[in-house]
Each structure stands twice: as C-alpha cells, then as structure tokens.
Amino acid sequence: MVNGKVVAGIVISVLIIIGVYFFVSVGNVRESGNTVKVIGTGSSVMENPYAIEITSDGFFPAIVTISVGDTVTFTNKDSEPHWPASDLHPTHTVYPGSGISKCFDETVDKTTLFDSCEGLTEGESWSFTFTEAGEWEYHDHKNANLKGTIIVE
Ligand SMILES: [Cu+2]
C-alpha cells in the first residue's frame with residue numbers, strides 16, 4: 001500500500017514536472033518569438049537610434065550611453081546655428097583624432113572627427129560614429145556653455 005502510494009506520487013510528480021517543463025518550453029519559444037519581433041520592429045528605428053536634439057537650452061538628452069560602433073545623430077531644432085564638437089573648447093582635441101584644425105585640413109577624413117566642423121542650421125542633422133570607448137564630453141562650439149556627454153561602453 002505504502003509502496004503503491006509512493007509510486008503513484010512519483011508518477012504524478014514526474015508528469016507534473018514534464019507538464020511544467022513543456023509549458024515553460026513552449027512559453028520560452030513564444031517569448032523568444034516575440035523578442036525577435038520586437039528587434040525586427042526596432043530595426044526601422046535603428047537607423048537613428050541615438051538622436052540628440054539641440055535647442056537654445058542645449059543638448060537633449062545631454063547624456064547618452066552607447067556601445068562602440070554606435071552612431072549618434074545631432075539635429076538642430078533651434079533657429080540659431082549650433083556646432084556639436086568634442087571638448088575642450090576651442091581646440092576640440094579630447095576625442096582621439098579630433099581637433100578643430102583638422103576641420104580645415106583637406107587631407108583629413110571628416111567622418112573621423114567628433115566635430116560637425118560647422119554650425120548646423122535649423123533642421124540640419126549631423127551624425128558621428130563612436131569607435132573609441134570612454135566618456136566623451138562635448139559642447140556647442142557656437143555657445144560653449146551648452147554641454148553634453150557621450151558614454152561609449
Ligand atoms: Cu569649441
């Protein structure tokens with residue numbers, strides 16, 4: 001009698017475990033399916049994943065955390081021109097390879113400079129791809145008290 005109850009208990013336990021495992025497995029498959037969908041939906045947004053707006057009050061968001069290889073796009077939403085550039089003002093040499101003097105050197109590939117190299121007019125955008133890890137502070141060269149930080153992990 002006791003053995004029979006124990007056996008029945010084990011069988012029921014095993015069935016419950018199998019059932020739970022199956023349920024969880026199916027759940028995981030569904031979840032991962034959803035995750036893939038979310039990533040897929042996000043990919044259309046991925047064209048401009050890190051958008052920073054510039055107004056007369058500064059950069060929004062002022063602090064952005066990205067990964068190496070990510071691209072940040074600055075868009076001027078102000079009627080006045082704004083010029084995002086690596087610190088320190090006025091030389092812009094903190095970000096590796098950058099420097100305002102290189103903006104005017106025709107032998108330099110401008111896409112390597114964390115510097116828009118000119119004021120962005122209203123509605124104009126400028127993008128930069130960060131290849132160096134670090135906490136990169138920047139400013140508006142037209143209005144150097146407007147500041148921001150790109151944290152590249
Ligand atoms: Cu500057």
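Tutor: Begin with confidence. pLDDT is the predictor's confidence in each residue, from 0 to 100. You need it here, as this is a predicted model.

Student: What is the mean pLDDT of the protein chain?

Tutor: The mean is 82. Of the residues, 69% reach 70 or more.

Student: Over which residues does pLDDT stay under 50?

Tutor: Residues 23-46. For that stretch the model has 0 contacts beyond four places in sequence.

Student: Now the core. What is the general idea?

Tutor: In soluble globular proteins, nonpolar side chains tend to be buried together. In this model, the largest nonpolar core has 17 residues. Among those with the most contacts inside it are Ile-52, Phe-74, Trp-136 and Ile-150.

Student: Which elements give two or more residues to this core?

Tutor: Four strands do: β1 (50-55), β4 (71-76), β7 (134-140) and β8 (143-152).

Student: What does Ile-150 touch, leaving out residues up to four places away in sequence?

Tutor: Val-64, Ile-66, Val-72, Phe-130, Trp-136 and Tyr-138.

Student: Next, strand pairing. In which sense do β7 and β8 pair, parallel or antiparallel?

Tutor: To read pairing, look for bridges between two strands: at least two make a pair. β7 and β8 are antiparallel, over 7 bridges. A hairpin of 2 residues joins β7 to β8.

Student: Which strand pairs with β7 over 3 bridges?

Tutor: β5 (residues 84-86), also in the antiparallel sense. Ala-85 stands opposite His-139, and His-139 stands opposite Lys-147 in β8.

Methods. Residues are numbered from 1 along each chain as its sequence is written. This is a predicted model: local features need pLDDT of at least 70, side-chain atom pairs count only at pLDDT 80 or more; totals for chains, interfaces and linings use all residues. A nonpolar core is a set of buried Ala, Val, Leu, Ile, Met, Phe, Trp, Tyr and Cys residues joined through C-beta atoms within 7 Å. A residue is buried if 20 or more other C-beta atoms lie within 10 Å of its own, exposed if 12 or fewer, and partly exposed in between; C-beta atoms are placed from the backbone. Two residues are in contact if their C-beta atoms, placed from the backbone, lie within 7 Å.
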